Amino acid sequence: MLQNRVSPNGSFIKTKARGSWLGNRGIIHNENKEIVKTYTIKAWIICMLEFRGRHREIMQPGHWTELFFLDEATAFSAGHRPCFQCRYKDHIRFKEYWLKGNPRYGFDMKTSVKTIDEIIHTERIDRYGKKVSYTEQIKNLPDGIIISKGDECYLLSKGKLYHWTPSGYDRCEDAVPELVVEVLTPRSVANTFMAGYDPQIDKSAEI
């Protein structure tokens, strides 16, 4: 069992539970298949588990480290965004809604995604490698974001907070609109959801 699943706060965990999406932050493992870095590139992406019949052996020397996520909401919370290659349509859709949700930057579709990656990077991790978060009232947040309460994470969806586990969401509670919470999903990504991007959420959130 490898430490290659990613939690909503961006940390790496070991679990037998399978993920629904593949992720990439560059080569961050050693020859013993141990993760030794947080990232080596700023383009943190979300990929399909299968693409054009390609097969990869996990954590091969000199190849990018395969990471896995419960759902797309988890991947976004950790600071990733859709891949340009295997998820081209989703990548374009994400970029369109990111631009719509973050007009203050004055970007357009000709703006390189690398520029957007730079902004997301400052929103997800600080110079010491610590996860960046911010506080906001629930009523001002869109569905699909993930918050932190103590040492636990919760997904916001349809007026409910769903408790996150590596295997899925196992319980829920009412989301109090006026409650101020710690938000893990990067701010510009939350704005993207607000503008209309609908992230994939594990079906266990339907409890």
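Residues are numbered from 1 along each chain as its sequence is written, and side-chain values use heavy atoms, with hydrogens and water left out. Because the model is predicted, local features need pLDDT of at least 70 and side-chain atom pairs count only at pLDDT 80 or more, while totals for chains, interfaces and linings use all residues.

We begin with the helices. Helices (H or I, at least four residues) and strands (E, at least two) are DSSP runs, numbered from the N terminus. The axes of helix H3 (residues 113-124) and helix H4 (residues 187-195) come within 8 Å and cross at roughly 115°; such axes are lines fitted to C-alpha atoms, for helices over the stretch in contact, and angles run from 0 to 180 degrees between N-to-C directions. H3 and H4 are therefore roughly perpendicular to each other, a term that covers angles of 65 to 115 degrees, whereas those under 35 count as roughly parallel, those over 145 as roughly antiparallel and the rest as oblique. On the H3 side of this contact (heavy atoms within 4.5 Å) stand Ile 119, Ile 120 and Glu 123, which meet Arg 187, Ser 188 and Val 189 in H4.

Next comes the sheet. Strands of a sheet pair through backbone hydrogen bonds, either parallel or antiparallel.

E10 is in turn joined to E11 by 5 bridges, with Thr 165 opposite Gly 168 in E11, and a hairpin leads from E10 to E11 through 2 residues.

Finally, consider two loop residues. Lys 158, in the loop between E9 and E10, has a positive phi of about 50° although it is not a glycine. Met 59, in the loop between strand E4 (45-47) and strand E5 (67-69), also has a positive phi, near 55°. Are these residues buried or exposed? Met 59 counts as buried because its relative accessibility is 2%, while Lys 158, at 73%, counts as exposed; buried means under 20% relative accessible area, exposed over 50%, and partly exposed in between (1.4 Å probe, protein chains only).

Conventions. Pairing = 2+ DSSP bridges.
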